[in-house]
Number of protein chains: 4
Amino acid sequence: MRDGNIQIGVLGVGRIGKIHVENLANRIPGAAVAAVSDVLPDELAAINAKFDIPKAYSDYRQILELSDVDAVVICMPTNLHCEAIMAAAAAGKHIFCEKPVDLSIEKIARINAAVQECGIQLMVGFNRRFDPNFLKVHEMVNSGKVGTPHVLKITSRDPSPPPEDYIRASGGIFLDMTIHDFDMARYLMGSDVTEVYARANVLVDRVFEKVGDWDTAITTLAFQNGALGTIDNSRKAVYGYDQRVEVFGSEGMVAVKNNSPDNHVHLDRAGTHASLPLNFFMERYSESYLGEMKAFVNSIRENKPVPVNGNDGLMAVAIGLAAAKSAKENRPVKVSEIQ
Amino acid sequence: MRDGNIQIGVLGVGRIGKIHVENLANRIPGAAVAAVSDVLPDELAAINAKFDIPKAYSDYRQILELSDVDAVVICMPTNLHCEAIMAAAAAGKHIFCEKPVDLSIEKIARINAAVQECGIQLMVGFNRRFDPNFLKVHEMVNSGKVGTPHVLKITSRDPSPPPEDYIRASGGIFLDMTIHDFDMARYLMGSDVTEVYARANVLVDRVFEKVGDWDTAITTLAFQNGALGTIDNSRKAVYGYDQRVEVFGSEGMVAVKNNSPDNHVHLDRAGTHASLPLNFFMERYSESYLGEMKAFVNSIRENKPVPVNGNDGLMAVAIGLAAAKSAKENRPVKVSEIQ
Amino acid sequence: MRDGNIQIGVLGVGRIGKIHVENLANRIPGAAVAAVSDVLPDELAAINAKFDIPKAYSDYRQILELSDVDAVVICMPTNLHCEAIMAAAAAGKHIFCEKPVDLSIEKIARINAAVQECGIQLMVGFNRRFDPNFLKVHEMVNSGKVGTPHVLKITSRDPSPPPEDYIRASGGIFLDMTIHDFDMARYLMGSDVTEVYARANVLVDRVFEKVGDWDTAITTLAFQNGALGTIDNSRKAVYGYDQRVEVFGSEGMVAVKNNSPDNHVHLDRAGTHASLPLNFFMERYSESYLGEMKAFVNSIRENKPVPVNGNDGLMAVAIGLAAAKSAKENRPVKVSEIQ
Amino acid sequence: MRDGNIQIGVLGVGRIGKIHVENLANRIPGAAVAAVSDVLPDELAAINAKFDIPKAYSDYRQILELSDVDAVVICMPTNLHCEAIMAAAAAGKHIFCEKPVDLSIEKIARINAAVQECGIQLMVGFNRRFDPNFLKVHEMVNSGKVGTPHVLKITSRDPSPPPEDYIRASGGIFLDMTIHDFDMARYLMGSDVTEVYARANVLVDRVFEKVGDWDTAITTLAFQNGALGTIDNSRKAVYGYDQRVEVFGSEGMVAVKNNSPDNHVHLDRAGTHASLPLNFFMERYSESYLGEMKAFVNSIRENKPVPVNGNDGLMAVAIGLAAAKSAKENRPVKVSEIQ
């Protein structure tokens, strides 16, 4: 802390890292960006042109050596998460890490052990929990507005498939895309997922078949408390980013729909027309990126448990691996088979 | 035909039979109710008090003997369908039969053979196909407005569970309730269902457990054309009759929501409020009951194939049996295992 | 009454008369169409082909002579209303008369006096009061759901202008079109209109200018209870029949929007699309035509006051004349200037 | 300009001034806050605690003397606008001034003359033009999506009345509240208002009567191009900030509704429920405050005409004065009577 602000180092300032730097610099009271790192000099230069950040490094380890840095935000590629988290934990820095923590359950378990041992906090970047719409659903379910939850429905469709290189490294649809929905499922239902059945197909683009992945999937979830869930995913919704959830229970139902840039309605001879959903995840989830970072800063400042911890990071990956196994073997798979 | 009207006998004038009599008598040009039958004298008397029907019998076979009756509408209990259809077909009457045709695939196959042999038509009462909303979805999918269909979503929830006696005789949730959704799935996607995975639970009322049934279910469908579907059912939605479908495809999405008695919006200090969905299936589907009977009368008058035939009746039951087997054995079941 | 049914004569079986015959014949228990009249033989023939009506005349006076006719429904041209009502009242028949009762305040006053003297009831066909949406608004305002009403907003737009001949005989936009809204205003606000200011223009079609009429108008209403209202009218909404109301008060607001043939939503690359409002008044208001006739039959059967009486008919015309005067003289006009 | 940023002085850092400082400091590239002024030391201290602003003064004239200040943002009380604008113009500073510029037409005319003479630009803070919803309506009307505009409808209701002191100094409902709607009317219809008829009443709170003001009003607008408009205002909508517009034309209609904090829908036994509109103007219009300031900075940087100029400021006040006169004298008033 300096001037009453938590000092934060941002490790990796690509697309997501830039969002966090901007939010921390301009919109989150009580925090300051003390240092940034990136292996690409251009990214560092771009950040420095926009924000006046005291220190910039090509190697993130130099940030970990700064004694006045309280916490780090890790936005590097997934395959570097484990090493960076281990090093940051050893250096006594609190950690915010983008999802997924790792693609291996064993590694995440080791990370979680290290985090506990070092007495620091690890928060995982499941930003959607902080979207105003999903927050509202959570709040209403939690306060009993739907009674006992019986059924969860999530629709989660991307506007268009990522490039082939991204797909190859992504871990597959269940670990790259549905993982958000698995976390949302646990968050909204307040219960762990015990078994999944995933049915997947390649309907959008043959490239997914080529790399052994799918682009369309429906996943059934069985929750510990007896409730059931269904998630439908597609890599390509031509009309935009389709993100909806619904929780149905003994006393009612609550649902949220997509966000649009405006709420105009236009009627002409041809029909009634309105705007499409927002098309880009950084616009759609701009509020949730801000919200999660506020929550992290707040937890560290007030020494409270972070709202999305290492176990949440682990469970989402475990469910994702179970779903991938289910889709491959066409049978229901218990999450405990994975762990 | 007499006076240019098709002469129809209605076999069974309980709840559903009454709807058909009223529609045929008052709202469907080109048809007349020539005779009704029911084993309960009170039902017959009630019908005669409201409508001026030439003939009324306690035994439906007497209607089949009337030479000027062109067609019959069978609204008797499911366990009498087979016998009545066989007799009506033998008598050369066209047949409209309430769903399900029967709970046994073998019997339905025999019925279908007899119908063909007798050269009469059999239409099955999947009225929901004639609901203005679902018709619109079908028309839009059919005319390519969503491109190639990839994902079907159906939400189908009853306002409250039927009485225990009804449940015991119903054939279970998949043959009594989801059967409508299975037919809707085939209708909207224009493709047969090849495999199902159903996950079901008792969350609403222990009575379902007692009789070996479920009250909450999520069913995944695999279609012949590669598309996927998900259906979620509950026997009890406290807010009314929840009936929604959505078809997502390569070029877009079309969805319909519930019907309400009015479209008012009320804002006060406490929130924004609107009417609940219609609560009773006969109100919700009043238009579709009318529409299906118009379609039947029209097909017979113009000697065209009926829009929902015996094979549709058979397939819906086959999928229902596969779903029940899937839920019991917790594994995906091919529909071909049933047939 | 015969067979427990009120015997009704329908005077004039053109477009609206046919609706009433059909509703009375098929959908309203407790009433029967005993006789119809029309000066056009073709209209009579068309009715007889569809409904089995005991008696048909070219001269409506013959119906008034039938001793077993309890009530008449007058659907003849407006300029014949007065004479027919007077004759029917003298014959002791209860009367349902299409709106407007007449275009002259003096004549309506004489009619109302005659009706009272003869001890029969006169109901005026402001059918929109019986539309499920407007009924709901009325019920909510009445039960205090918006507190004390402060502001009324009505949008009322026709899909397309009527033919020139119709326009010439119509009495002008305020007596032909806005008259419905004036009645709705009094109905929803539960208070009389004391003063109006109408601003009108010809923006749709020059034919309105030619006949000294307008096609677009905004009318401000001052109610006796201090509340204010605004009505906007257009003779041509290319997207269909636009009929909305809103009541705003000290404790909230209630509004209803248009009716559409279905509630589908379609998303494609170009946008979000839905159905247009219903385009034809007989589709849009089919429920309200049924509802008003049920209410009339019910009032006569149970000897209760009709829900829309001669004074309602008079007030709507008085406000219409005040509005026309206001538009012509560009000044606020008190309704008392008219009476 | 310094470091490529326009240097801006903010004169008055009360509620609105703070918004502008925050937006300029954090969210608007190409601008920097060089100095702030306020007569209240506490306001200055509060601003300095949050933002690192080089200079702070109690007297705004000191800012006008700073040679490196390019532009000023005037957020002082309305009665100081004229003097400050005159001084800033004389000092060669571009000016952004909160609405209303002044309550006197003569003074605004003098201001506009001075601005022209000094060769600087004056932008008036009608922020609502920059709200994403209203921008969309403007864009659609402008691009011909509704054809020729015929009718404008604006609903503008505050969540609750301001304190009595504010009301007394406000200039009355038409100059304080409806003025926004008058500007919106000119903006959306692309035509000047030539005549108004305003009907107003005190229905919410007797305090308005005490000070010779009204709390509820309906205003009819006649536009130069023949179109008509209606605005309904209330000082108290218990359900929140109600801000809607609709433009109807020869080829269709476009409308926007209120903004809510989320889009959840909740159904329980009692009904269908959703969130209320946002309640506070700074939340409701946060995007428009940002947008107008971006537009101002952009216009100054690129030496283009500002999008809301002194004439816009003058016209809105002229219509407001005409409306107040109309309400007082209960007659339509030409805007030319005012100028």
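# Notebook: helix pairs, sheets and chain symmetry

In chain B, α5(B) and α13(B) are roughly antiparallel to each other. I started there and wanted the numbers behind it. The axes of α5 (residues 105-118) and α13 (residues 310-329) of chain B cross at roughly 170° and come within 10 Å. Anything over 145 degrees counts as roughly antiparallel, so the label follows from the crossing angle.

From α5(B) I get B:Ile105, B:Ile108, B:Ala109 and B:Asn112. From α13(B) I get B:Gly310, B:Asn311, B:Gly313, B:Leu314, B:Val317, B:Ala318 and B:Leu321. Sorted by class, the α5(B)–α13(B) contact has seven nonpolar and four polar residues, with no charged ones.

Note on the source: this is a predicted model, and I read everything below with that in mind.

**Entry: one lysine**

I looked up B:Lys136 and found it in helix α6 (residues 132-142) of chain B. Is B:Lys136 buried or exposed? Its relative accessible area is 19%, and the cut-off for buried is under 20%, so B:Lys136 counts as buried. I then asked what B:Lys136 touches, leaving out residues up to four places away in sequence. The list is C:Asp262, C:His264 and C:Ser275, so I was looking at chain C.

**Entry: how the chains relate**

I superposed chain A on chain B. A rotation of 180° with 0.0 Å of shift along its axis does it, at an RMSD of 0.0 Å. The two copies are thus related as by a two-fold rotation axis. Which residue of chain A comes closest to the rotation axis? That is A:Arg331, with its C-alpha at 3.0 Å. The same surface serves both copies, since 100% of the contact residues of chain A recur in chain B.

Then I did B on D. Again I get a rotation of 180° and 0.0 Å of shift along the axis, with an RMSD of 0.0 Å. Of the residues of chain B, B:His273 comes closest to this axis, at 2.3 Å for the C-alpha. Here too the same surface serves both copies, and 100% of the contact residues of chain B recur in chain D.

**Entry: strands at the B–D contact**

β13 (residues 265-268) and β14 (residues 271-274) of chain B run antiparallel and are joined by four bridges. They form a hairpin with two residues between the strands. I noted one bridge pair: B:Asp268 has B:Gly271 of β14(B) as its partner.

What does β14(B) pair with in chain D? Three bridges join β14(B) to β14 (residues 271-274) of chain D, and the two strands run antiparallel. Across that pairing, B:Ala274 stands opposite D:Thr272 in β14(D).

**Entry: the six-stranded sheet, chain D**

I traced an open sheet of six strands in chain D, with the order β3-β2-β1-β4-β5-β6 and parallel pairing. Its edge strands are β3 (55-57) and β6 (122-125), each pairing on one side only. The twist averages 25° from one strand to the next.

Inside the sheet I checked β1 (residues 6-11) and β4 (residues 71-74) of chain D, which run parallel and are joined by four bridges. D:Ile8 has D:Ala71 as its bridge partner in β4(D).

Then I looked for helices on the sheet. Helix α4 (residues 78-90) of chain D packs on it, touching β4, β5 and β6 of chain D, and its direction makes about 170° with that of β5(D). Helix α1 (residues 15-27) of chain D lies across β1, β2 (31-37), β4 and β5 (94-98), running at about 150° to β2(D).

**Entry: the sheet in chain A**

β1 (residues 6-11) and β2 (residues 31-37) of chain A pair in the parallel sense over six bridges. In that pairing A:Val10 stands opposite A:Val36 in β2(A).

How values were computed. Residues numbered from 1 in each chain as written. Chains lettered and ligands numbered in written order. Predicted model: local features only at pLDDT ≥ 70, side-chain atom pairs only at ≥ 80, totals over all residues. Heavy atoms only, no water. Buried < 20%, exposed > 50% of the residue type's maximum accessible area, 1.4 Å probe, protein only. Contact = heavy atoms within 4.5 Å. Axes fitted to C-alpha atoms, helices over the stretch in contact; angles between N-to-C directions. Parallel < 35°, antiparallel > 145°, perpendicular 65-115°, else oblique. Nonpolar A, V, L, I, M, F, W, Y, C, P; charged D, E, K, R; others polar. Least-squares fit on C-alpha atoms with pLDDT ≥ 70 in both. Pairing = 2+ DSSP bridges.
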